[in-house]
Amino acid sequence: VGNHCNAKCGHCYSWKTRRHSDEFLSHDDVDRIIAQLLRLGVKTVNLGGNEPLYTHGPNAADSLLPYIIRSLTAAGIPVGLTTNGVSFVYLAKHHPDELAMLNDIDFSLDSPFQDEHDLNRGGKLYKSTLRAISQAVERGIDCSVITCGMKGNFNVAHLSAFLSLTKHLGCEFRINTLKPLEPALLSQMPTPRQY
């Protein structure tokens with residue numbers, strides 16, 4: 001839904017191509033897309049990719065995310081959100097009504113270990129993501145930790161630590177395996193043995 005993110009994840013293919021994008025969704029775009037979703041019989045929508053808050057570049061105040069959530073909810077389409085935590089924090093502070101409309105939230109963690117996660121994200125996001133998960137659980141929002149399964153985190157030590165962490169946090173754990181869209185990411189694919 002956006003063209004900006006506050007992170008530069010090592011496995012992300014999108015930030016490398018969106019650097020100078022000035023294409024933004026309009027209210028009319030959102031309305032047209034929701035009409036198409038209804039016509040097609042779409043039952044649920046998850047907003048993710050880049051960081052959903054940043055529909056209009058790095059200025060969160062310009063975001064259409066609250067409008068998108070309200071509009072989908074008004075259309076009777078349950079809305080999920082995938083975030084590194086920033087969209088949750090912003091909605092909790094500035095748009096609590098729209099936050100309450102969310103059906104579920106997936107919080108992205110690349111590693112259950114702080115140093116690895118922050119290194120891959122290109123910034124210190126681990127602690128703020130865990131705080132956001134705790135706050136979502138406290139609010140009664142159905143949430144999970146989602147990770148991109150890669151060679152480095154798709155092993156017994158990491159998966160056991162992920163399960164321990166999510167049990168402690170009181171949320172679910174989900175894995176989407178890496179889909180390398182560029183040759184440089186092929187070496188990060190989990191091996192058949194890891195699967």
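Biologist: What do the numbers rest on?

Modeller: Residues are numbered from 1 along each chain as its sequence is written, and side-chain values use heavy atoms, without hydrogens or water. The model is predicted, so local features need pLDDT of at least 70 and side-chain atom pairs count only at pLDDT 80 or more, while totals for chains, interfaces and linings use all residues.

Biologist: What span should the 14 residues of H7 have?

Modeller: Helices are DSSP runs of H or I with at least four residues, numbered from the N terminus. The expected span is 1.5 Å times one less than the number of residues. For H7, residues 156-169, that gives 20 Å, and the end C-alpha atoms are 20 Å apart, which agrees.

Biologist: Which residues of H7 are buried?

Modeller: Buried means under 20% relative accessible area and exposed over 50%, with partly exposed in between (1.4 Å probe, protein chains only). In H7 the buried residues are His158, Ala161, Phe162, Leu165, Thr166 and Leu169. Down the axis of H7 they fall within an arc of 130°, taken from the directions from the axis to the C-beta atoms, so they line one face. An α-helix has 3.6 residues a turn, so residues three or four places apart point the same way. The face turned away carries the exposed Val156, Ala157, Leu163, Lys167 and His168.

Biologist: What follows H7?

Modeller: Gly170, with a positive phi near 85°.

Biologist: How many disulfides does a search of the whole structure find?

Modeller: A disulfide is a pair of cysteine sulfur atoms within 2.5 Å; the search finds zero. The sulfur of Cys143 is 4.9 Å from its closest cysteine sulfur, in Cys171, too far for a bond. Cys143 counts as buried at 5% relative accessibility, and Cys171 is buried at 11%.

Terms used
Helices (H or I, at least four residues) and strands (E, at least two) are DSSP runs, numbered from the N terminus.
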